[in-house]
Amino acid sequence: MGDFSSEGLTLFSPYKMGRLNLSHRVVLAPLTRCRAPNEIPQPAMIEYYSQRSTPGGLLITEATSLSDTSAGFPRVPGIYTDEQVKKWTKVVDAVHAKGAIIFCQLLHAGRASHQVYQPSGSSPISSTNNPISNRWKILLPDGSQETYAQPRRLETHEIPQIVEQYRHAALNAIRAGFDGIEIHAAHGYLIDQFLKDGINDRTDEYGGSLADRCKFLTQIVQAVVEAIGANRVAVRISPAIDFNDATDSDPIGLGLAVIDKLNQLQYNVGSKLAYLHVTQPRFFAQYNGGLAESDQDTDAQFMMRTLRQAYQGTFMASGGFTRELGMETVASGDADLVSYGRNFISNPDLVLRFKLNAPLNKYIRETFYTDDPVVGYTDYPFLDKESVKED
């Protein structure tokens, strides 16, 4: 169990995250923004991330493709070619120039994809041959929405190739200057498709029991840790989120199983991972129209506290947090760090606004996934600093 001494802590208390010293606990969550045509990071991304950088602040990039088969959204950046690495380096340099810290989130969408995103129009890969249901739609490059594609179940002998793609992408991220990487094992994407028993119907060594369903993630984390060091590696999970049909019969049991594997790995290598990033139930309750707030909070707190108490390291929470909820979460010791998404999109100076308890710009959902390099991306106004005083 971690150190839960949190008396007097706020979102603006410093935090030592392994070798990295954070000046506050407000984190930029990974946010798909679709501004990287041909999977190449663009100059607009330099400004976008730089705008949201603060001295000692932590940023996590948008989900970044680790191979030419891993995308499930239009215009997402990759980090598997030399050109992509060079372009990312400019983004990282701009963030570091502001004194901030940045991790690259690595994603393979798995079955949450479409033939249009696959080389030669092939089927996307997954733990299963079963597609995502018609309840969900995928955004295509022309802006239309369609049902997800029929996936192809990975053969057992192919799985080490995917593990190697994660390792190679992690090494590329370090080459680009990133301070670390976050393995996206949440929200119904490839790793989550192995973790969740509502998806994983395999009969080989990667399916069935909890331990076997965790094996794919465990092998990826082990390979990446060996490549770049444990303190540069983070993991994101969402055991209670059924986004993209990612259901599990025992979400807390799944979360605890993953944490047990991560704790054991940390013990074996003698070093902590950078952090564990967990999406709480409130995220999906809001996305799907919502539960009563009291029900959301009860469900979220029970799961998050259970996982928090089990994990031996830095614990980051995400999912529908306000300033007030973030302050309460840190003060109670329920999380060390809190990541913010939509409000960070519309408030590049979110940390300052939170510190001053100043009003927030409203986000414009219609511009979240457009290709405009300015509108809805880098044009949200900053606080008029002359009209307010920082404590």
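This is a predicted model: local features need pLDDT of at least 70, side-chain atom pairs count only at pLDDT 80 or more; totals for chains, interfaces and linings use all residues.
How many bridges join S6 to S11, and do these strands run parallel or antiparallel? Four bridges join S6 to S11, and the two strands run parallel.

**Strand S6 and its partners**

- Strand S6 spans residues 101-107, and seven of its seven residues are buried, so that the strand is mostly covered.
- In a regular strand the side chains alternate between the two faces of the sheet.
- In S6 both faces are covered, with Ile101, Phe103, Gln105 and Leu107 buried on one side and Ile102, Cys104 and Leu106 buried on the other.
- Strand S4, made of residues 58-60, runs parallel to S6 and is joined to it by three bridges, and within this pairing Ile60 has Phe103 as its bridge partner.
- Strand S5, made of residues 64-65, also runs parallel to S6, with two bridges between them, and here Ser65 has Leu107 as its bridge partner.
- Phe103 also has a bridge partner in S11, namely Gly180.

**Aromatic pairs**

- The structure holds 12 aromatic pairs, and one of them is formed by Tyr49 and Trp88, whose ring centres are 6.3 Å apart.
- Phe103 and Tyr275 form another tilted pair, with ring centres 5.6 Å apart and planes at 40°.
- Because Phe103 lies in strand S6 and Tyr275 in strand S13 (residues 275-279), their pair ties together parts of the chain that are 172 residues apart in sequence.
- Phe103 is buried, with a relative accessible area of 0%, and Tyr275 is likewise buried, at 0% relative accessibility.
- Ring pairs also link Tyr48, Tyr49, Trp88, Phe178 and Tyr377 into a cluster.

**Helix H6 and its surroundings**

- Helix H6 runs over residues 215-228, which gives it 14 residues, and the distance from its first C-alpha to its last is 20 Å, close to the 20 Å expected at 1.5 Å a residue.
- The buried residues of this helix are Phe216, Leu217, Ile220, Val221, Ala223, Val224, Val225 and Ile228.
- These buried residues pack against several elements, among them the helices H3 (159-175) and H7 (251-269) and the strands S11 (180-185) and S12 (233-237).
- Just after H6 comes Gly229, which takes a positive phi of about 100°.

- Once its neighbours within four places in sequence are left aside, Leu217 is in contact with Ile183, Ala185, Ile191, Leu195, Val235 and Val258.
- Leu217 and Ser339 are 122 residues apart along the chain, and their C-alpha atoms are separated by 22 Å.

Notes
Residues are numbered from 1 along each chain as its sequence is written. Side-chain values use heavy atoms; hydrogens and water are left out. The expected span of a helix is 1.5 Å times one less than its number of residues. Buried means under 20% relative accessible area, exposed over 50%, partly exposed in between (1.4 Å probe, protein chains only). Contact means heavy atoms within 4.5 Å. Rings of Phe, Tyr and Trp (its six-membered ring) pair if their centres lie within 6.5 Å; planes under 30 degrees apart count as stacked, over 60 as edge-to-face and the rest as tilted. Two strands pair if DSSP finds at least two bridges between them.
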